[in-house]
Amino acid sequence: MAILEWDDSMAVGVYLIDEQHKELVVLINNIAEAVQSGASVSEVSRFIRRFYNYTIVHFQTEESLMDHNSYADYFTQVREHLDCSTKALEFHRRFVEEAEFDLVEFLEYIVGWFRSHTTGIDQGLTEYLVERGLTHLEKSGKA
């Protein structure tokens with residue numbers, strides 16, 4: 001059973017970002033399914049690394065569409081992105097190094113963070129990108 005389901009409240013209306021958000025949902029669910037099925041430490045570790053690596057790609061994509069001079073929430077977005085990626089990396093380190101590490105805390109964090117970020121500050125990003133005519137971006141990232 002999926003720990004996180006995509007719904008329209010998470011959409012920002014920019015094809016490229018919405019597709020990346022959907023991929024993050026898949027990656028979060030992969031971690032949860034691996035944990036629930038009793039997967040090996042190396043397999044769960046691989047899923048966490050994949051999630052972390054993809055967040056970096058996604059955050060770079062979002063940030064490349066923002067101008068720090070004209071997007072009022074630029075620094076808030078960047079700080080939230082940095083906080084999430086740092087926390088994911090720290091959870092991964094703890095998972096690998098601590099024998100009794102419980103992944104429930106990590107899953108609760110990423111699910112909560114994803115929901116609040118996509119339905120919160122990312123909605124302001126939508127308005128910013130609509131004003132600039134960037135809602136039609138394709139997967140390739142080209143306007």
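This is a predicted model: local features need pLDDT of at least 70, side-chain atom pairs count only at pLDDT 80 or more; totals for chains, interfaces and linings use all residues.
Visitor: Which residues of α3 does α2 meet?

Guide: The crossing of these two helices, α2 and α3, is left-handed. From the α2 side come V41, V44, S45, I48, R49, F51, Y52, T55, I56, F59, E62 and E63. Across from them, in α3, are Y74, Q77, V78, H81, C84, S85, A88, L89, H92, F95 and V96.

Visitor: How many nonpolar residues are there in the contact of α2 with α3?

Guide: Let's sort that contact by class. Three of its residues are charged and six are polar. The remaining class, nonpolar, has 14.

Visitor: H81 was in that list. Is H81 buried or exposed?

Guide: H81 sits in helix α3, which covers residues 74–97. The relative accessibility of H81 is 1%, and the cut-off for buried is under 20%. At 1%, H81 therefore counts as buried.

Visitor: With which side chain does the side chain of H81 make a polar contact?

Guide: Start with what surrounds H81, leaving aside neighbours within four places in sequence: its contacts include F59, E62, E63, M66 and W113. The polar contact goes from side chain to side chain at 3.3 Å. The partner of H81 there is H117.

Visitor: Which residues of α4 does α2 meet?

Guide: Here α2 passes α4 in a left-handed crossing. On the α2 side the residues are V44, I48, F51, F59 and E62. By class, this contact of α2 with α4 has eight nonpolar, one polar and one charged residues. The α4 residues are L103, F106, I110, W113 and H117.

Visitor: What about α1 and α2: roughly parallel or antiparallel?

Guide: The axes of α1 and α2 come within 9 Å and cross at roughly 165°. Since the cut-off is over 145 degrees, that angle makes α1 and α2 roughly antiparallel.

Visitor: How many nonpolar residues are in the contact of α1 with α2?

Guide: The crossing of α1 and α2 is left-handed. The contact includes L16, I17 and L24 from α1, and F47, I48 and F51 from α2. Its residues divide into three charged, six polar and a nonpolar group of 13.

Visitor: Which helices do the buried residues of α5 pack against?

Guide: Helix α5 runs over residues 121–131, and its buried residues are I121, D122, L125, T126, Y128 and L129. The buried residues of α5 pack against α1, α2, α3 and α4.

Visitor: Let's go to N29. Which residue has its backbone nitrogen 2.8 Å from a polar atom of the side chain of N29?

Guide: N29 is in helix α1, and at 9% relative accessibility N29 counts as buried. Not counting residues up to four places away in sequence, N29 touches A2, I3 and L4. The backbone nitrogen 2.8 Å from a polar atom of the N29 side chain belongs to I3.

Visitor: And L4, is that buried or exposed?

Guide: L4 is found in the segment before α1. Contacts of L4, neighbours within four places in sequence aside, include M10, V25, I28, N29 and F114. With relative accessibility at 1%, against a cut-off of under 20%, L4 counts as buried.

Visitor: Last one: how far apart in space are S9 and Q123, C-alpha to C-alpha?

Guide: S9 is also found before α1, and at 41% relative accessibility S9 counts as partly exposed. S9 touches T118, T119 and Q123, although S9 and Q123 are 114 residues apart in sequence. In space, their C-alpha separation is 9.2 Å.

Conventions:
Residues are numbered from 1 along each chain as its sequence is written. Side-chain values use heavy atoms; hydrogens and water are left out. Helices (H or I, at least four residues) and strands (E, at least two) are DSSP runs, numbered from the N terminus. Buried means under 20% relative accessible area, exposed over 50%, partly exposed in between (1.4 Å probe, protein chains only). A polar contact is a pair of N or O atoms within 3.5 Å; within protein, one must be able to donate a hydrogen and the other to accept it, and residues adjacent in sequence count only if both atoms are side-chain atoms. Contact means heavy atoms within 4.5 Å. A crossing is left-handed if the near helix is turned anticlockwise from the far one by less than a right angle, and right-handed if clockwise. Ala, Val, Leu, Ile, Met, Phe, Trp, Tyr, Cys and Pro count as nonpolar, Asp, Glu, Lys and Arg as charged, and the others, Gly among them, as polar. Axes are lines fitted to C-alpha atoms, for helices over the stretch in contact, and angles run from 0 to 180 degrees between N-to-C directions. Angles under 35 degrees count as roughly parallel, over 145 as roughly antiparallel, 65 to 115 as roughly perpendicular and the rest as oblique.
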